[in-house]
Amino acid sequence: MVAKDGQVVVDERRRLPGRGAWLHPDPGCLAKAERRRAFPRALRSSGTLGVEAVRRYLRPHAG
């Protein structure tokens, strides 16, 4: 995951610029990270970050 234009986006190829963070491919882990406000802290970003792109990515991977 990286922060891009105020959103957290999945960087599967690990090529996007900026600080990255890892997340288990589990919707429960995403919910926990949101509750803890972990993305702005991990990605060293000020303010809140949208996670809709991550949520869309995890839907087909949830099993």
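This is a short chat about a few residues in a predicted model and the cut-offs behind their labels.

Author: Ground rules before we start: the model is predicted, local features need pLDDT of at least 70, side-chain atom pairs count only at pLDDT 80 or more, and totals for chains, interfaces and linings use all residues. Residues are numbered from 1 along each chain as its sequence is written, and side-chain values use heavy atoms, with hydrogens and water left out.

Reader: Why is L58 called buried?

Author: L58 has 4% relative accessibility, and buried means under 20% relative accessible area, exposed over 50%, partly exposed in between (1.4 Å probe, protein chains only). So L58 counts as buried.

Reader: Which residues does L58 touch, not counting those up to four places away in sequence?

Author: L23, P25, D26, P27 and L30; contact here is heavy atoms within 4.5 Å.

Reader: What makes E34 and R55 a salt bridge?

Author: Their N to O distance is 2.9 Å. A salt bridge is a side-chain nitrogen of Lys or Arg within 4 Å of a carboxyl oxygen of Asp or Glu, so the pair qualifies. It links distant parts of the chain, with E34 in helix α1 and R55 in helix α3, 21 residues apart.

Reader: How many salt bridges does the structure hold?

Author: Three. R55 also pairs with E52, with the closest N and O atoms 3.1 Å apart; both lie in helix α3, three residues apart, about one turn of the helix. R59 and E52 meet at 3.5 Å, N to O. Salt bridges that share partners join E34, E52, R55 and R59 into one network.

Reader: How do you know whether R59 and R55 are exposed or partly exposed?

Author: R59 has 53% relative accessibility, so R59 counts as exposed. R55 has a relative accessible area of 29%, so R55 is partly exposed. E52, at 32%, counts as partly exposed too.

Reader: Which residues form the positive surface patch?

Author: K32, R35, R36 and R41. Patch residues have over 30% relative accessible area and no salt bridge, with like charges joined within 9 Å. K32, in helix α1 (residues 27–35), has a relative accessible area of 40%, so K32 is partly exposed and clears the patch cut-off on area.

Notes: Patch = residues over 30% accessible without salt bridge, like charges linked within 9 Å, V, L, I, M, F, W, Y side chains within 5 Å. Areas by Shrake-Rupley, 256 points an atom, 1.4 Å probe, with all protein chains shown as cover. Lys, Arg positive; Asp, Glu negative; His and termini not counted. Charge placed at Lys NZ, Arg CZ, Asp CG, Glu CD. Helix = DSSP H or I, 4+ residues; strand = E, 2+ residues; numbered from the N terminus.
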